[in-house]
Amino acid sequence: MNTSLTQSSASAAAATSQALALAVANPGALGTLDAYISAVNRLPVLSPEQETDLARRLRDNGDLDAARDLVLSHLRLVVSVSRQYMGYGLPQADLIQEGNVGLMKAVKRFDPERGVRLVSFAVHWIKAEIHEFIIRNWRLVKVATTKAQRKLFFNLRSMRPDGQTLSPDQVSEIASTLNVREQDVSEMEVRLAGRDVALEAQDDDEDTFAPIAYLSDDGDAEPGQVLERRAHEMLQGEGLRQALDGLDERSRRIVEARWLQDDGGATLHELAQEFGVSAERIRQIEAAAMKKLRKALSA
């Protein structure tokens, strides 16, 4: 009788664990983040012997079921670590998702023969993924790229007394504590104090003074003006010569005589006498030639 009850309890526990695992694998089915966290906390914790056995199965046989069990049993660790980074203004759900990626990387690299529990090994990977996510998404412009900057990004705010501007002595103390340069501390303090600013105005208010109004270069070195000037010079020089070469001899003579003379150019009647045709015919030839030139210059 007792044996039957024990087997029944074990079967119920296994069924519950399997149901929770399926729910965790599909967080959307849980509805809310609180429901997900509640489900994660109800997943069974592995004993050292179970963890070692699963890790060996994964390492030796590539057993994905063992990897799944290792990941699921440590999802509560990701939730716990994610709470440490709630002050950066990013959704906890996103932090948990990135932390889960780090957990999976840790499970893949975990060696059970080192005598270290997976929980201790995985914390580093979970934090690394969350750190990278925060740095990528905290601002539009990445504020930390070097090792020293990353260290300052995650420590400087908590080390500043009351969030006040650092004095030279405090800068020196923090630099010594974190083993970075004083210049790095000062630069990161300025970066953390700044904020994202839209390049252009967010509304149609003419009085809005956005950075685009004063960051543009009004000089001759502004790239847009340089390209425009080069294109204009090309059209007036080589471009125009190539377009004129595409005209027949009479049409080119008429265009040059009418538009490319310093003294104002010849009249329709003067050109009519030169070619022995009417002034209206000269006007028609000129119009056709100009149309051809415009097409050639715009190509």
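**Helix contacts and buried residues**

Visitor: Does Ala175 count as buried or exposed?
Guide: The relative accessibility of Ala175 is 5%, on a scale where buried means under 20% relative accessible area, exposed over 50% and partly exposed in between, with a 1.4 Å probe and protein chains only. This is a predicted model, in which local features need pLDDT of at least 70 and side-chain atom pairs count only at pLDDT 80 or more, while totals for chains, interfaces and linings use all residues. Residues are numbered from 1 along each chain as its sequence is written, and side-chain values use heavy atoms, with hydrogens and water left out. Because its accessibility is 5%, Ala175 counts as buried.

Visitor: Which residues is Ala175 in contact with, leaving aside its neighbours within four places in sequence?
Guide: Ala175 belongs to helix α9, residues 168-178, where helices (H or I, at least four residues) and strands (E, at least two) are DSSP runs numbered from the N terminus. With contact taken as heavy atoms within 4.5 Å, and with neighbours within four places left aside, the partners of Ala175 are Val180, Arg181, Glu182 and Val185.

Visitor: What separates the C-alpha atoms of Ala175 and Ser186?
Guide: Ala175 sits in α9, and Ser186 is eleven residues away from Ala175 along the chain. Between their C-alpha atoms the separation is 9.5 Å.

Visitor: What is phi of Asn179 near?
Guide: Asn179 lies in the loop between α9 and α10 (182-193), and at 67% relative accessibility this residue counts as exposed. Most residues other than glycine have a negative phi. Asn179, a residue other than glycine, has a positive value, near 60 degrees.

Visitor: How many residues apart in sequence are Leu46 and Ser73?
Guide: Leu46 is found in the loop between α2 and α3 (48-61) and, at 16% relative accessibility, counts as buried. Beyond four places in sequence, Leu46 is in contact with Glu51, Leu54, Asp69, Leu70, Ser73 and Arg117. C-alpha to C-alpha, Leu46 and Ser73 are 6.6 Å apart in space, and in sequence they are apart by 27 residues.

Visitor: Which residues is Glu129 in contact with, leaving aside its neighbours within four places in sequence?
Guide: Glu129 is part of helix α7, residues 118-137, and counts as buried, given a relative accessibility of 15%. Leaving aside its neighbours within four places, Glu129 is in contact with Glu98, Val101, Gly102 and Lys105.

Visitor: At roughly what angle do the axes of α2 and α6 cross?
Guide: Axes are lines fitted to C-alpha atoms, for helices over the stretch in contact, and angles run from 0 to 180 degrees between N-to-C directions. The axes of α2 (residues 33-41) and α6 (residues 92-109) come within 11 Å and cross at roughly 40 degrees.

Visitor: How many residues of the contact of α2 with α6 are nonpolar?
Guide: The contact is made by Leu33, Tyr36 and Ile37 of α2 together with Gln92, Ala93, Ile96 and Asn100 of α6. Ala, Val, Leu, Ile, Met, Phe, Trp, Tyr, Cys and Pro count as nonpolar, Asp, Glu, Lys and Arg as charged, and the others, Gly among them, as polar. In this contact of α2 with α6 no residue is charged, two are polar, and the number of nonpolar residues is five.

Visitor: How many charged residues does the contact of α13 with α15 have?
Guide: The axes of α13 (residues 249-259) and α15 (residues 279-298) come within 9 Å and cross at roughly 90 degrees. Arg250, Ser251, Ile254, Val255, Arg258 and Trp259 in α13 meet Arg281, Ile282, Ile285, Glu286, Ala289, Met290 and Leu293 in α15. By class, this contact of α13 with α15 has eight nonpolar residues and one polar, while the charged residues number four.

Visitor: How far apart in space are Ala243 and Leu293, C-alpha to C-alpha?
Guide: Ala243 is found in helix α12, residues 223-245, and its 8% relative accessibility makes it count as buried. Not counting residues up to four places away in sequence, Ala243 touches Leu293, Ala296 and Leu297. Ala243 and Leu293 are 50 residues apart in sequence, and their C-alpha atoms are apart in space by 5.7 Å.

Visitor: How far apart are the end C-alpha atoms of residues 268-287?
Guide: UniProt, in an unreviewed entry, places the feature "DNA-binding region" at residues 268-287; UniProt positions are given in the numbering used here, feature names are shortened, and annotations may be inferred rather than shown by experiment. Over residues 268-287 the chain is 85% helix and 0% strand, and the end C-alpha atoms are apart by 12 Å.
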